[in-house]
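Visitor: Please show me the model, and then take my questions one by one.

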Amino acid sequence: MITVAPKTARLEKCFENLHAQGRAGLITFVTAGDPNPQCGLEIMKGLPDAGADVIELGMPFTDPMADGPSIQAAGLRALDAGQTMRGTLDMVRSFRGDNQTTPIILMGYYNPIYSYGVNSFLADALEAGVDGIIVVDLPPEEDNELCLPARIAGLHFIRLATPTTDDARLPIVLRNASGFLYYVSITGITGVGAAGADAVTSAVRRLRSHTDLPIAVGFGIRTPEQAGSIAREADAAVVGSALVDQVTKGIADGRDPVEAVLSLTRELADGVRQARNRVLS
Amino acid sequence: MNHPDTYRDGPDETGHFGNFGGRFVAETLMPLILELGSAYRVAKEDPIFAQEVARYFKNYVGRPSPLYFAERLTPQLGGAKIYFKRDELNHTGAHKINNCIGQILLAKRMGKSRIIAETGAGQHGVATATVCALIGFPCVVYMGEVDIARQQPNVFRMKLLGAEVVPVTSGARTLKDAMNEALRDWVTNVEDTYYLIGTVAGPHPYPEMVRDFQSVIGDEVRRQLSDLEGKGRLPDTLVACIGGGSNAMGLFYPFLDDEEVTMIGVEAGGEGIGTGRHAASLNAGRPGVLHGNRTYLLQDSDGQIIEAHSISAGLDYPGIGPEHAWLHEAGRVQYVSATDSEALEAFQLCAQLEGILPALEPAHALAYVIKIAPTLPSDHIIVVNICGRGDKDIFIVADALGVSL
């Protein structure tokens, strides 16, 4: 169990505010530097005003084993446009020039971090204004690699729980988790398929009996209605592939990909914000 | 690095060979990997499982494969005495079937009912489709679009065996992407599906398990050489090609603690290491994490994976099994490379002198044997693993030689 306090309080404040407002949050995933560094930064900077409560910023990787076609394509698009790990951290730095409150979580795979050097990465990420990290291919069995160093450095290490994480395993997954718990609502890859509302409800209740961490639910959430349905039970809904698809569609239709992403974000935010009102009325 | 007392006790409980190996997978797969690990632990200790594997090895695969004295190549090179371990004579034409027999029997014990696999050249795909037909399981093989185009005969072979071959269109559309896609399938179909990995890579327990099933190669060599050259005679040098490294691990592992045995793994040097177009992860890569394990990888300075290149589709992988990475750093095994053109020359020489068309993969091992044999005395015994037959490669060889068929 890690007792080091996180060096940033943005994530805690964010969930406190959401709780005070009596609503769930919207967590938006976009790939850093997609479709190019400049456009990617503009998208990122526009997300909070469009209603994103937390930003997950994908660190592009050539071999994203847990991602579906949309996020794979986004990563390759960003890499082709010259995105690097340094570039991703620079984006965060630039974002923090205007915004000191919206939490930023870097999400991706271990190799680019390992290649950068774990200690340098943690120091540079903190300095740039990152609040936490999610690394898909680091299960609790590999906590010594990055999770523990990250926690000691003062960054949140956000853990994924899945439908295959049973009650016996959950305590292992939660042992060094911090920030929030990310529930992957389906067995599968990002952007393909969605879980039923009932399954999500019972899963979130099961998780709550094991942890006090806020619970975010993601994978397969594409529409404001779906986001709203998740937001009735969970503390936050995560949307990724649907937003990334807006970049692809925007480019294909000759529209501004920035506006395409932000416009869907606004709709999703409405869905999330109205979710619990609807239940009450 | 200090020499350990034994090189044969890896991996540790957490799947590490020194700093290499491990279990770098998404949480969804972690429970499955743990289940597989304990199922394999139990099977490994069960004599009935060993007997079942041995029975299929003998009656279905055709083991033991012969250890053949290369009677024309040896005098031609005028040095060391060369033996071929003839795993190309196995059913399906390569060593891949050894591992597939073991894993399909394990999958059956575990109550799994659907098999998935990745393949590059198609040899592992064919071997997997074969054992699935044998046991009666549905089989899905992921294969990069680029590889499908250059390995048509194997694609058709898999289909004849009843497998579904799924073209992989993501990333570079070759073996590493086929492996990504198989992992994506597994993460989606967690209940009934068994992922039959074809080499000594991937998350623990795969590197250990595949090595164990392939170790029949080295175990046989020890007995056979003893019969042919006198009781207890060990080989002086073992040579095997390395892509992921399963045939090499299978040959080397039983001899790792025999200090007097030199071991050489031959990586694919492609167009030459200096050109950047090769598949030599140990000679030109650095440690990283991909496909569930830490090992040497071909990657750029930002940790992005670089596509491998080799004339041999079976060596065309940007990583290598973690146990090889460890043996490399421990200095127990030497890792060298042979280029496309050296492999092509060896291929032709072997065909003409021994009447054997080796696969382009072991042609790399032969290329290195051709280099060192003349420098060694006539009582020096080299055993080279001819881990696959070359029939599948004739179109590629013809193309490389400028012959149109």
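The questions below cover helix packing, pockets and backbone geometry.

Guide: This is a predicted model, where local features need pLDDT of at least 70, side-chain atom pairs count only at pLDDT 80 or more, and totals for chains, interfaces and linings use all residues. Residues are numbered from 1 along each chain as its sequence is written, chains are lettered from A and ligands numbered from 1 in the order written, and side-chain values use heavy atoms, without hydrogens and water.

Visitor: Which residues of H4(A) make the contact with H2(A)?
Guide: Contact means heavy atoms within 4.5 Å. H2(A) contributes A:Gly40, A:Leu41, A:Met44, A:Lys45 and A:Pro48. From H4(A) come A:Met91, A:Val92, A:Ser94, A:Phe95 and A:Asp98.

Visitor: Which helix gives the most to the lining of the largest pocket?
Guide: A pocket is an open set of points on a 1 Å grid over the protein atoms alone, where a 1.4 Å probe fits, with protein on both sides within 12 Å along at least five of seven lines; lining residues have an atom within 4 Å of a point. The largest pocket is lined by 18 residues, with B:Ala50, B:Val53, B:Phe57, B:Asp212 and B:Phe213 nearest its centre. Helices H1 (30-44), H2 (47-61), H9 (206-214) and H10 (216-229) of chain B each supply at least two lining residues. With six residues, the top contributor is H2(B).

Visitor: Where is A:Pro35?
Guide: The peptide bond from A:Asp34 to A:Pro35 is cis, with omega near 0°. A:Pro35 sits in the loop between strand E1 (25-31) and H2 of chain A.

Visitor: What is the phi of B:Thr92?
Guide: B:Thr92 lies in the loop between strand E4 (81-85) and helix H4 (96-109) of chain B. B:Thr92 is not a glycine, yet its phi is positive, at about 75°.

Terms used:
Helix = DSSP H or I, 4+ residues; strand = E, 2+ residues; numbered from the N terminus.
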